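Hi everyone, thanks for making time.

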Amino acid sequence: MRALRFGYGVAVTTLTKKLRYPSLYTTRFLLLNHNYDYRCRNPHKSLNLSSKNPQIFNRLFCSFRSYSSSGPPDPPSISGIDPNSVASTVSCPNSQRLQDDDVSAIDAGSSLRKPVCMWPGMYHSPATNALWQARSIFDTPSSDVDSITEKTPSHSRTTILYPFSSDYILREQYRNPWDGIRAGKLLEDLDALAGTISFKHCFNNAGMADSLLLVTASVDKMVIKKPILVDIDLKIVGAVTWVGRSSMEIQLEVLQPTEETSDPLDSQALVANFTFVARDSKTGKSAIINQITPETEREKSLWKEAEERNKLRKKRRQEKKKEIENEKEAERLNALLAEGRVFIDMPALADRDSILIKDTCLQNSLVCQPQQRNTHGRIFGGFLMRRAFELAFATAYTFAGSAPLFLEVDHVDFLKPVDVGNFLRLKSCVLFTELENPDKPLINVEVVAHVTRPEFRSAEVSNKFYFTFTTSSDAMRNGRIRSVVPATEEEARRIIERMDAEKQM
């Protein structure tokens, strides 16, 4: 077993026993330097620090940095405070690794960090920290470059690494209670990476940062192709694949290779397509962005696929909401409502293997804080996706009685922006279940995000998320998944709409 080596410091202040002088405190700085392989004792050294030893205290406290087994600690600095040492950092070997496509990768555990006080917001995961750092060091051409130009997909291609196998601290931040990956944090990082890629494609010089806003417009359906493990290195690769007048599509691949096979397709765990739009920062209207010139055959193929998806999105937006008028659709509506009426009118005779939608609901509320904002001052889209996923997970967990397995998230439209200070309410429910396969039942969870403004007595829907979960076969031994039935016509219409959407995918 490889020895785990890390260091950390703790400042402890204790009240002296002299109660007559309650203002007197004894301050001790504990320096712990662990270097063990789980077979030897942990050496703990305590230093009593007082005003007599200011140089020792400053040397230990001001220059301290935490580090993992993947790299040695920084040498202590005696002459003043290094601003980078204020924030706890994680260092990893080969922080700038080159991939097969010769693109410099961003290490999620990289020790390159700005001071916390210099970030636009303090809400960042290790991956988003690395991406913020990458945005600040992108080479910007001189100001004489034309505002609109053509770029290739390779110009925006970005890779981010998660060295889970060697970085224990990073692995712990992404591990869930069942030793799996925190899918919500992964969705959050995908949105952050897509934002960085859009940034690289659209910005030609530093002056454009003040005139152009880039926002997430939608996210296509994402399907988990294989389980994502938290103890094996992970890589996310993405690039701009299609560009319109003011919108662009960014495709991201989540890759986790295994020793069993060398086929690159077998390492693909997830593919995500994000659509970003550009807005003029002063007028709020659409802004023209750089065009794209595919070079390789694969890039041309991805461009054609993205063009078809864009046409399909426009077609769906132009279609009005479907009205249930014909007899066939009316029969579907009545069939869904029939069992619900039994629950309401004759609850003692209701099917014990069914449950009303309203009895599966959960919700939480929060006031959006400045620490959750992006560079444009609005709430980070990845934060909303993570909060929605975690609420959906809890809903499926309480419904199934065992930890659910995440399968997919459906297309997401960002309808309204969420600003700092907004009162955000997330409401979830199990919309319907699919029980055709008893060993792998499907649990479809809906999460609706409402932006509430009490001052104006208004509430608007910001986002709608649809997640699909299942349960393991072992968990099914304790009981079966129940059917979900609507109690109102509005709930029945939502079910029909989602079922039809699933068939079109």
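This is a predicted model: local features need pLDDT of at least 70, side-chain atom pairs count only at pLDDT 80 or more; totals for chains, interfaces and linings use all residues.

Residues are numbered from 1 along each chain as its sequence is written, and side-chain values use heavy atoms, with hydrogens and water left out.

So, the sheet. It's open, with six antiparallel strands running β8-β15-β19-β18-β17-β14. Strands here are DSSP E runs of at least two residues, helices are H or I runs of at least four, and both are numbered from the N terminus. To pair, two strands need at least two DSSP bridges between them. β8 (222-223) and β14 (362-367) each have a single partner strand, so one side of each has no neighbour in the sheet.

Now, what sits in strand β18? A449 does. Is A449 buried or exposed? At 2% relative accessibility, A449 is buried; the cut-offs are under 20% for buried, over 50% for exposed and partly exposed in between, using a 1.4 Å probe and protein chains only. Its C-alpha lies 8.5 Å from that of L384, 65 residues away in sequence.

Finally, the largest nonpolar core: 82 residues, with L190, L252 and F467 having the most contacts inside it. Such a core means buried Ala, Val, Leu, Ile, Met, Phe, Trp, Tyr and Cys residues joined through side-chain atoms within 4.5 Å. Helix α8 (residues 381-400) gives the most, ten residues.
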